[in-house]
Amino acid sequence: MSTFMHPNRHRVAVLVRDGVLPIELGIAHRLFGQAKSAEGEFLYEVRTCTLVPGQVRTDTDITVNVTNGPAGLSEADTVIVPASDEDYEPHNHDRLSSPLADALGLIRPTTRIASICTGSFVLAAAGLLNGLRATTHWRVADQFRMLYPAVDLDPDVLYTDEGRILTSAGVASGIDLCLHMIRSDYGSSVANDVARGTIVSPHRDGGQAQFIRHPVPETELGNTGSSRMWALKHLDEPVSLNDLAEQESVSVRTYTRHFRQEVGVSPLQWLNQQRIDLARQLLEETDLSIDQIALEAGFGTATSLRQHLYAALRVSPSTYRNTFRVPAADPTKVIAPTGYET
């Protein structure tokens, strides 16, 4: 018996594994399940599949009952692979289990395949990402690179679209990716209606960077720790490579070599990242103007701050601030169920 009941609709199969994240399972059903034509006809049919029908463990205290086995993958126009908590465990091999490999083998060559978060590990292990640009959650990027060197991993973006194969970086970017696929299938009007119904932004470009806070290296360690401590106290001032080397009383060449060994990037790259991180903190936590933040972070001008922040995160300072700062509630305004102010 066919898993799908409406052959005229675009058929989406969500392949869940043991330890699935319920929120990622819900993303596909909620977004694709809302999409309608101008005449009010549903455009997608979404079905959940698993390797062995029955109770599937999640990463929470609930289980989900999945009645469809892997056969539905052979009928799907799009297959979505969400994350599992097992993806975050240390991996010492890149092989798929036989049941999972057999299930993926049922997918037709023309079927679109997308991963949410660490579901990308499944696609990579199946060889589907070899030679392609892909992304995954930044926490496991190093492990991913070690296991799958043939994949062009970009952990700094929200999602990638390589035609038939698409990947997203995490839960929220999974929403962006699903809206992107709906937009690609049926246009912006349908995708925007789905976004409004879900009360999310209708479009975030896949090239926008993941908003990751980079930890400051342990400045008390190594041959360049003192200079890094000094630089962090003088980010609002011009700091040159000579200034940094003088703090350690070594030549620029020696300092640069030691710095790369200890930190992994050049001194000026590190300095620029510290200034970006400070600017982000000020945008999130203060009411300082963009010009003031540019001075405090050592960029000098608002134009320079905009250029550096856009190069790093693909957003402007004002967009970044609006993303992370919620204005105080206005008691004179009421938010209607549609998400519009009244």
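**Accessibility and a helix**

Guide: In this predicted model, Asp152 has a relative accessibility of 45%.

Visitor: Which residues does Asp152 contact, leaving aside its neighbours within four places in sequence?

Guide: Asp152 lies in strand E8, which covers residues 152-153. Arg133 is 19 residues away from Asp152 in sequence, yet their C-alpha atoms are 4.5 Å apart. With those sequence neighbours set aside, the contacts of Asp152 are Leu132, Arg133 and Ala134.

Visitor: What share of the contacts in the protein with a separation of 6 or more comes from residues 24 or more positions apart?

Guide: The protein has 13 helices and ten strands, and 44% of its 342 residues count as buried. Among contacts with a separation of 6 or more, the share from residues 24 or more positions apart is 63%.

Visitor: Why are the buried residues of H12 placed on the same side of the helix?

Guide: Ala302, Ser304, Leu305, Leu309 and Leu313 are buried in H12. They lie on the same side of H12 because the arc they cover around the axis is only 155°.

Visitor: Which residues are exposed on the other side of H12?

Guide: Helix H12 comprises residues 302-313 and reaches 16 Å from its first C-alpha to its last, close to the 16 Å expected. A residue counts as exposed when its relative accessible area is over 50%. On the other side of H12, the exposed residues are Gln307 and Ala311.

Note on methods. Residues are numbered from 1 along each chain as its sequence is written. This is a predicted model: local features need pLDDT of at least 70, side-chain atom pairs count only at pLDDT 80 or more; totals for chains, interfaces and linings use all residues. Side-chain values use heavy atoms; hydrogens and water are left out. Helices (H or I, at least four residues) and strands (E, at least two) are DSSP runs, numbered from the N terminus. Buried means under 20% relative accessible area, exposed over 50%, partly exposed in between (1.4 Å probe, protein chains only). Contact means heavy atoms within 4.5 Å. The expected span of a helix is 1.5 Å times one less than its number of residues. The arc is that of the directions from the helix axis to the C-beta atoms.
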